[in-house]
Each structure stands twice: as structure tokens, then as C-alpha cells.
Amino acid sequence: MFSLLILSLVVGYMAILFAVAWYQERPATRARGKGLGPSVYALSLAIYCTSWTYYGAVGTAARNGWEYLPIYIGPIIGVTVLFPLWRRIAAAARRENVGSMADFVASRYGKSQTLGAAVTVVAILGSLPYIALQLKSLSMAGELLTADTPVAGSESLTVLVLAGVLAFFAILFGARRPDLTEHNRGLIQAIGLESVVKLGALLFVAVFALVLLLNQGAPPRIIEGLGALSRPPEVTPRFSAIILISTLAIFCLPRQFHVAFVEGAAPSDVKRARWIFPIYLLLTSLAVLPLVAAGALFAPAVNPDLLVLALPFGRGESLLTAIVFVGGFSAATAMVIVEAVALSAMVSNSLILPFVARDRWRMRGDASDMAGTILQVRRAAIIAVLLLAWVYYQAMDQSHGLAAMGLVSFAALAQLAPALFGAVLWRGGHAVGALAGMAVGLTIWIIMLALPQLAPDAAWHPHRLLGIDDPLALGVFVSLGLNLAVYVGVSRIAQPRLIDRVQARAFVDRIGPDWTENRPSPSGASVGDLRALVARFIGDERAERAFTAWGNETDTRLRDADPADAALARAAERMLAGAIGAASARRVIAAALAGVGRAPEDVVRMLDEASQAVQFNRDLLQTTLDNIDQGVIVVDEDLRVTAWNRRYVSMFELPVGFVHVGLPIASIYRLNAERGESPNDIEAWVERRLEALSRRIPHDHERQQPDGRVLRSSGAPIPGGGYATSYTDITALRRAARQLEEANERLEARVADRTARLDEARRIAEDATASKTRFLAAASHDLLQPLHAARLFIAALKEEPAVSGAGADAASHTLAVNADRAIDSAHRLLTALLNLSKLEAGGGQHGGDAAVAGRAV
């Protein structure tokens, strides 16, 4: 009968949670657009108080005295003393539109997907013991209440069924929409109700214990029952370590980050809620004292972790026992649901979806079905996380108390603190340093804290080798100290990229307008006025697309009747700058927002003729750009797209509607890189392109695309800080140039071949001429010999008396003289031929021989 009462209360309680969540998720309720409010926000922060604080805090106080108190001191320090840090993280999260802690850290450190994945892994490793702790507390409570009943011994199966129900609730109200920053108000309202229930149940049983003490306990016995709590707390290294990791936990627990910064309320609500939450923790911590004293007096043999439930159960208070069980059930289930939702967001966004989305874009597929894929991945992640936690619960050492498991989980998640805090406090932080620090810290956590819990009897644990009984303080201080040292050291060595410097300034140097006190918004114009004004200059379609994109980027619902704030005014100015120039855009927006009685419609009418002329010129320019062969894109000084043409979209095969006014050019570069234009380090390639644009230096170079096309890129800065780039497909030109070069190479080869042949013919001719010359020289020499002999004979004949004497015959003398002359002429001719042959052979005296030859001829 008692089990039926508890089951009825649990079922009724879950039905109420479903009803509250469903009511808040109704379109009519969401349309009213009311914020969470400080009370609901503070109660959602009370998700920190899980079954550890509900059951385990009393058990810790009963065993170790004041050691339970640091669990409450830490978060109070976090939301009060460290509220400036809280404010910085909240402002950056709202400004960057992050959906999880992994998104936040990855966005700060150069949008590093590797770092986001590492944060997710650390969060999972740290959260599984914590979720298992909740399952263990439910199992212990069920075991106590079902003892000596027919259902005793079925706690493991019951816990598995309960994990399935919690997964269903988390999926139903925590994974309904793909946009993480679209607030799950139904879930947060249900969590707020659970916080009220668990605090009310704990205070009820505390009052019950106090009544027992006042009615049946003498003061000396009460003081004796308090044990170590009756003496002042002793600040030991373990005490300090628990304060440290509890302070860090309020920032680093995935569920705390989710409710505090992702689902976060308005800044004014947060400032008031930071005082409500400490009061909640104070009441929770005070309730421990009477429960410990009453447990020592009236239930000394009960497991201290179950004193909250055992006191009313042992006194026969069935209704109070059922209420207390529902409170413990509420404490455990709230944590499990929100933790599963937060972890599923991190798993989907940082581990799975980057690869799914990259493959979709590389295949140039339509990404319209990505919303369904996101939800399926997130729901599967919720189921997987709860299943792994149940497996961890089955495998862990059941002898450990709830607090021991919780502290180990806190120590693991504290390893995220250096990277998280450095994200908003130190511009020099680098992704490599954050990754190295987390790796070192997590390794030490596994060795010094996790393994001793899984294998407590092993003799090789470091704390035993060092002769230390308690590994917690040593493991916490060593892991966090080395984590911080490695983070700072490696970050100082690493070279920051341009995107690292930009993101560092965005996170560190700005708190954001959302957190300034009483900052007035611009007056004189509404969202609809600015939308109409921008549409006059850039057209209705582009204006609507640009405003929608800005609303999605900033998680802002744009209603035409709402007043325009400063951020929207700056965005509208940037939209106009591409059409009418930065200076004119500033004047137009300033006139539209001026609170001097001139309404925006008056500004529109005043500028109507000019705007129509501008629009005509813009349409003419756009038509001209769309009908040229080059792809053209123009960015402003913030490297956001202001103008482009259809040829550019088709040249790079960009998805329809992907390019719009205000789109960061980095998004286009990254998409092209993921499609194969940069097969290695995508982020480094995008960084180089952005840095080249930011230098505003003219360029002209060629690049071969993955599909073999060759594009010539020509860019130059334009007035106002922008930059225009044109792309020309020169594939055919380069192909023709390559063919011409090949033809030229073939012609040169043919000329070389002909030249070689001519050289060979010339050599043969020269050889023939040399042979002729040698023949002439030899023949001339041989002919001169008989001529010499003939001249000697004629000379002898002329000496004869019969020829030259007194009675000589005149005819004979004349004949002899003529013969001598003829032979002399022949001699000279042959001598000239001989000299010519010597000249051709390279010998002889040129001048004299030539003269002799001339005279002979």
C-alpha cells in the first residue's frame, strides 16, 4: 500500500511537470514573450542542488562534520564575489549566440572545432559519474522503501526504466527545436518547479527532525548528536579543495552553463537572482543540521546518505516519507534531464554535426533537411548519455558515498575552468594552450582521482605511493595547477592568427550593451521603419533576407512594432553602406533615429527621389554586373558582403540564398575550402585569405580549382574601406596558351633538325672544295716542272749562233722569243693557280698572289 502511495505521487508529480512544460511551450504562451524573471532564473540555477546535496550532504555532515559546507560556499562565491566574471561570460554568450559550453570555448579560441570536441569529451567524462550518482541515490532510496516487499531487489531494473522515462522527458522538452538558443521555457519552468519541490520537501523533513529534537532530545544529547558540527570547522587542504572545485562547478558544470548562460534571463533579472540563489543555498545548508542531530539520536544504524528518508520512514510517517522521496526524486531527475540536454547539444554540435554538415556541403547537396538531422542526432545523444551513465552506475564501486562520487565529477569538470575563464579575461589565450592544459589536467585527474574510485584496492595509486590517505586535495591542486601552467605557457608560445585576435577582442574587451546600466535605446524609429528604409535602397527581397539573417545571428525576434536598438541600427547602416556608401548610410540612419520629431517615414519621403535614383542606378549596376562574364563580389570594411552578381554565385556553385548582404566573407571562403579548394588546414587557409583582404592591397593572381578550372582573381580596395574582387574563368585561354606553347616547341624542334642537316651539307661542300683545292695545287705543281724544262731548252736555243748570231735567221729568232714568251705566260698562269689553291687552303700571301694572278690573266 505504501509503495502504491509513492508510485501515485511520483506519477502525479511527473504529470504536473509535463503539464507545466507543455503550457509554457504553447504558441500562445510563447507569443507573449515574457522573460523568465529573477525567481524562475534563480530556481533554475538551483539545478546545482542534486541528490548529492539532498541526500549526500546530510551523509557527509554525519560522517565528516563541516566538510559538507564547502559544497554550498563555492557557488555562493561564484555568483556574488565572482559576479563580474559571471557577467562577462553571460554577455559574451548572448553576443556570440552560443548553444553550449563547447560552442563558447571553441568560438573564443578561433572557432576551433578540435577544442570544442575536447571540451565535449571532458564534459562527458566528468558528467557520467555525476549522472550515475543520481541513479545510485534513486536506487538506494528505492531499496530502503521496498525492503521486505515483493518488489525488493529490482532496483537496477527500476533505475533503467526510470532512465528511459527521463530520456523521454528530456527529448520531449529539451530537443524539440534545432536552434539551441531558442529558449526551452517549458523545460526551465519545470526545473524551477522541481527546485521548489525539493527545497520544500527538505525543509519539511528538517522541521520534522527539529520537532523530534525539541520533543524528545535534551540539549546535551543534541550537541552530542551533532558530533563534529558542534565544533568550529577546521580549514584543511581537503576543505579548501572542495571550496575551489565547488566554486568552479557553478561555471563549468554543463547543466549550470546551460541554464545560466544559454537559457539565461535578461541581465536585470540575473542581477537580482544572484541574491535569491544564495538564500536558496543557505536554507538548504541549514536544513542539514537538525537532520544530522536527529539521525544520530533516532536512526544511528541507518546509512547516513539516507537519513533524510529514513527519519520519517522509521517513525511511520508515510505521507512525509512519500513527500521526501518525491523531493529526492525531483533533485535527481532535474539534474539528469538538464545534464542530458546540455551534453546532447555539445555532442551534436561539436562531435557529430561538423562532419555531417561538411559532407553535405562537399556534395553540394541541399541543407534544408539539416534541421531534422540535428534533432535526430541530439535525441540519440540523450539516450546514449543516459545509457552510458547507467552502465557506469552498474560498474562502479557501490561502497563509495554519494559525496565521493560528486567530488570526483566536480574535479573533472573543473579542468575546463582555465580555458573558460581565460576566454573572457586574457587576450593571450590560445586554442593550443587550452587544449594542452585540458589534456594534462584530465590525465592527472584520471590517474589520481578516477582510477582510485574504480579500483580502490590497487596499491599503485599515486597517493598511496606518496603516503597520503586522501587523494582529493592532491589530485585537485596538482591537476588544476598544471592545467593552468600549461595553458599559460603554451599560449604564450603559440602564434595567434587574425581570427584569434579578433575573437579575443570580442570576448575580452567587450562586456556588451546588454549589461550596461540604464542604457537608452535609440529613439524615433521602429524595426519596421528601418526595414522599410533599407528596402528603399537595396530592394525588398534583399532587405528581408538581411534582416532575417541578422535576427538569426543575434537570436533576436524582430517585430516591426518594436523600437530599434543600437545593434540593429548599426546592422542597417552596414546594409545601406553597400548601396549608398558608408558616409551617406550613416547620415540616413542618424536622421531616421534622431529624436527631433522627424519620423522615419518623413526621412523616406525626403529622400524618396534620391533613393529612387539610387535604386535605379543600383538596379542598372546590378543588371550590368549580372550580364558580364566575370564573377564580382564586394565586401565592406568589416569583411561582410555588400554586393555580388549571379556569375559569382554560379562560378563557385554556391547554394541558392546562401549569399546575402551582411554575410561574412569568411563563410564563403570556408565553404569553398570544405569543398576541396583547401584540402589541408581549412582554418589556416581561410585565415590567410582574410588577412590578405584586411591589408587592402591590390592583387592579381591565378588559382586552379579542384574541378580543373583556372580562375584569375583581381582585387583592389574601394573608398570607404571596402574591397572589390573579380573572378574570370581563363580556362580556355590557358588551354590555348598551352597548345600554342606546344606548337612552338614542335616548330623549334623542326628548325633545329633543319639546321643540323644544313650544317652537315655545308661540311660536305667544304670537304669537296678542299679536295678540289688540293687537286689544283698538285696539278699546278706538276705542270710547272715541264714548263721550267721547256724554258731552259728555249733559253739554250736562243744562245745558238744560228738563232741569235750575226747570220742568224730572223724568223727563227722571233719564233724562239715568242715561244719563250708563251711558256712564260703559261708559267705565270699556273703559278697564279697554285697561289689561289694555297689561298683556299689558308696559306700564301694574299696581296702579292692576287696581283700576280691578275697580271697573268
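This note goes through the predicted model point by point, from the whole chain down to single residues.

1. Basis. The model is predicted: local features need pLDDT of at least 70, side-chain atom pairs count only at pLDDT 80 or more, and totals for chains, interfaces and linings use all residues. Residues are numbered from 1 along each chain as its sequence is written, and side-chain values use heavy atoms, with hydrogens and water left out.

2. Whole chain. The chain holds 37 helices and five strands; helices (H or I, at least four residues) and strands (E, at least two) are DSSP runs, numbered from the N terminus. Of the 857 residues, 49% are buried, where buried means under 20% relative accessible area, exposed over 50%, and partly exposed in between (1.4 Å probe, protein chains only). Among contacts between residues at least 6 apart in sequence, 77% join residues at least 24 apart; contact means heavy atoms within 4.5 Å.

3. Strand 1, cover. Strand 1 spans residues 631-635, and five of its five residues are buried. Gly631, Ile633 and Val635 point one way, Val632 and Val634 the other. In a regular strand the side chains alternate between the two faces of the sheet.

4. Strand 1, partners. Strands pair if DSSP finds at least two bridges between them. Strand 1 runs antiparallel to strand 5 (residues 723-729), with five bridges joining them, and antiparallel to strand 2 (residues 641-644), with three bridges. Ile633 stands opposite Thr725 in strand 5 and opposite Trp644 in strand 2. Strands 1 and 2 form a hairpin with five residues between them, and Leu639 in the turn has a positive phi of about 60 degrees.

5. Positive phi in loops. Glu653 is not a glycine, yet has a positive phi of about 50 degrees. Glu653 sits in the loop between helix 31 (646-651) and helix 32 (665-677) and is partly exposed, at 37% relative accessibility. Arg696, also not a glycine, has a positive phi of about 55 degrees; its loop runs between helix 33 (682-694) and strand 3 (699-704).

6. Helix 10 against helix 15. Two packed helices are described by the angle between their axes and the distance between the axes. Helix 10 (residues 185-216) and helix 15 (residues 288-298) pack at about 50 degrees, with axes 8 Å apart. Axes are lines fitted to C-alpha atoms, for helices over the stretch in contact, and angles run from 0 to 180 degrees between N-to-C directions. The two helices are therefore oblique to each other: angles under 35 degrees count as roughly parallel, over 145 as roughly antiparallel, 65 to 115 as roughly perpendicular and the rest as oblique.

7. Helix 20. Eight of the nine residues of helix 20 (residues 417-425) are buried. Among them are Pro418, Phe421 and Gly422.

8. Ser107. Ser107 belongs to helix 7 (residues 101-108) and is buried, with a relative accessible area of 9%. Leaving aside residues up to four places away in sequence, Ser107 touches Glu96, Gln503 and Phe507.
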